[in-house]
Amino acid sequence: MRILKFFVALAITTVAKAQVGQKLSVGGGQNQHKGVSDGFSYEIWLDNTGGSGSMTLGKGATFKAEWSAAVNRGNFLARRGLDFGSTKKATDYEYIGMDYEATYRQTASASGNSRLCVYGWFQNRGVQGVPLVEYYIIEDWVDWVPDAQGKMVTIDGAQYKIFQMDHTGPTINGGNETFKQYFSVRQQKRTSGHITVSDHFKEWANQGWGIGNLYEVALNAEGWQSSGVADVTKLDVYTTKQGAAPAAPTTTVAPPPTTVAPPPTTVAPIKPPTTTQTKTLPSKCSAKITAQGYKCCSDPNCVVYYTDADGTWGVENNQWCGCGNAAAAVSCSAKITAQGYKCCSDPKCIVYYTDADGKWGAENNQWCGCGL
């Protein structure tokens, strides 16, 4: 019977911030390196039963692992990803995705095996009624893969067999204890693609399995009594769906005052002034707003509470008013507008988020481009 055993006693552990291009080696008494490089966590580990291995850190989360552990009970792993710090339940994260590409092969074996998988832990400290869990989403393997009675599910259009096992050994809590292992094993092996990691968490929860606080999400190359190479040329782990802006903040963007009726759509909710009340306005704002009988705000630094096709709306004396010239919108990144988002109307917009597409502000709980 083939057995995989993880995280046995370590002789020497190094925790540090490594540089891109740095090569970390294990063997000869050095059993582990762990830290952060270029924004992503890394760990390389070797059982103290013998062998050797290395991990070269690439840009972002990429890496290349080489190991020679084709000895009795030889066990090697190298992984990179994101640490989540066990601050909240894994299923409380609405979305976690991973994209990866790897060249992966086993070059020698002493009745051993190897695998390429998503790996992490659900920590149960401070969480009542759930077990400590080591989890695996196995994408590819050589010679052997864990199996048990379970259920077939479809995630990301592919079939995975999900099941759980009990295991006793060292854990992230320190010391040895019996804990659960959750598995999703892909039925058609591959070495590249997209994984919606959060969907696996949700599927496990749907089976009634206990879900603790998320410790990490990483791509792991692991060998048991084997030698091999895993060259991960693309790897990204993220918590916002790609191609979409993150959900707009709800706590930092003030909603329109509750005592003021919402701005007009086809019928003005606030009765427009009569003709005798209309007069020349002292400041500039959208003509579409003033055509409905509303005034321009008197304060040139008025706060924009709402934006629609008619312009930007402020509030004075508990009444809606035109706040600024709608034509004077803020210039913003073309990459943002290409996704269907508008430039922010307020030239003093606050930048809440910055990514490769540009600077993001928010108006009316909707994202907008905030400057160049």
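Q: Buried means under 20% relative accessible area, exposed means over 50%, and partly exposed is in between (1.4 Å probe, protein chains only). With that in hand, does Ser226 count as buried or exposed?
A: First, a heads-up: this is a predicted model, where local features need pLDDT of at least 70 and side-chain atom pairs count only at pLDDT 80 or more, while totals for chains, interfaces and linings use all residues. Residues are numbered from 1 along each chain as its sequence is written, and side-chain values use heavy atoms, with hydrogens and water left out. Now to Ser226: its relative accessibility is 0%, and the cut-off is under 20%, so Ser226 is buried.

Q: In which strand is Ser226 found?
A: Helices (H or I, at least four residues) and strands (E, at least two) are DSSP runs, numbered from the N terminus. Contact means heavy atoms within 4.5 Å, and Ser226 touches residues including Trp67, Gln106, Asn113 and Ser114, not counting residues up to four places away in sequence. Ser226 itself belongs to the run of residues 216-238, which is strand S15.

Q: How many helices and strands does the protein chain have?
A: The chain has 372 residues, and buried ones make up 48% of them. Of its contacts with a separation of 6 or more, 63% are between residues 24 or more positions apart. Its secondary structure comes to three helices and 21 strands.

Q: How many of the ten residues of strand S9 are buried?
A: Strand S9 covers residues 133-142. The rest of the structure largely encloses S9, because the buried residues in it number nine.

Q: How many residues are in the largest nonpolar core?
A: A nonpolar core is a set of buried Ala, Val, Leu, Ile, Met, Phe, Trp, Tyr and Cys residues joined through side-chain atoms within 4.5 Å. Tyr135 is one of the residues with the most contacts inside the largest core, and its contacts beyond four places in sequence include Phe122, Tyr182, Phe201 and Trp204. A second, separate core has twelve residues, including Trp121 and Tyr136. The largest core has 51.

Q: Are the rings of Tyr182 and Trp204 stacked or edge-to-face?
A: Rings of Phe, Tyr and Trp (its six-membered ring) pair if their centres lie within 6.5 Å; planes under 30 degrees apart count as stacked, over 60 as edge-to-face and the rest as tilted. By this rule there are 19 aromatic pairs. For Tyr182 and Trp204, the centres are 5.7 Å apart and the planes stand at 70°, so the pair is edge-to-face.

Q: In which helix does Trp204 lie?
A: Trp204 is 22 residues away from Tyr182, which is in strand S12. Both are buried, Tyr182 with a relative accessible area of 1% and Trp204 at 0%. Other buried residues of the helix include Val197 and Phe201. The helix takes in residues 197-206, and it is H1.

Q: What kind of ring pair do Tyr182 and Trp209 make?
A: Trp209 is in the loop between H1 and strand S14 (213-214), 27 residues from Tyr182, and is buried at 14% relative accessible area. Both residues belong to a cluster of linked ring pairs that also has Phe122, Tyr135, Phe201 and Trp204. The centres of the two rings are 4.8 Å apart and the planes are at 50°, so the pair is tilted.
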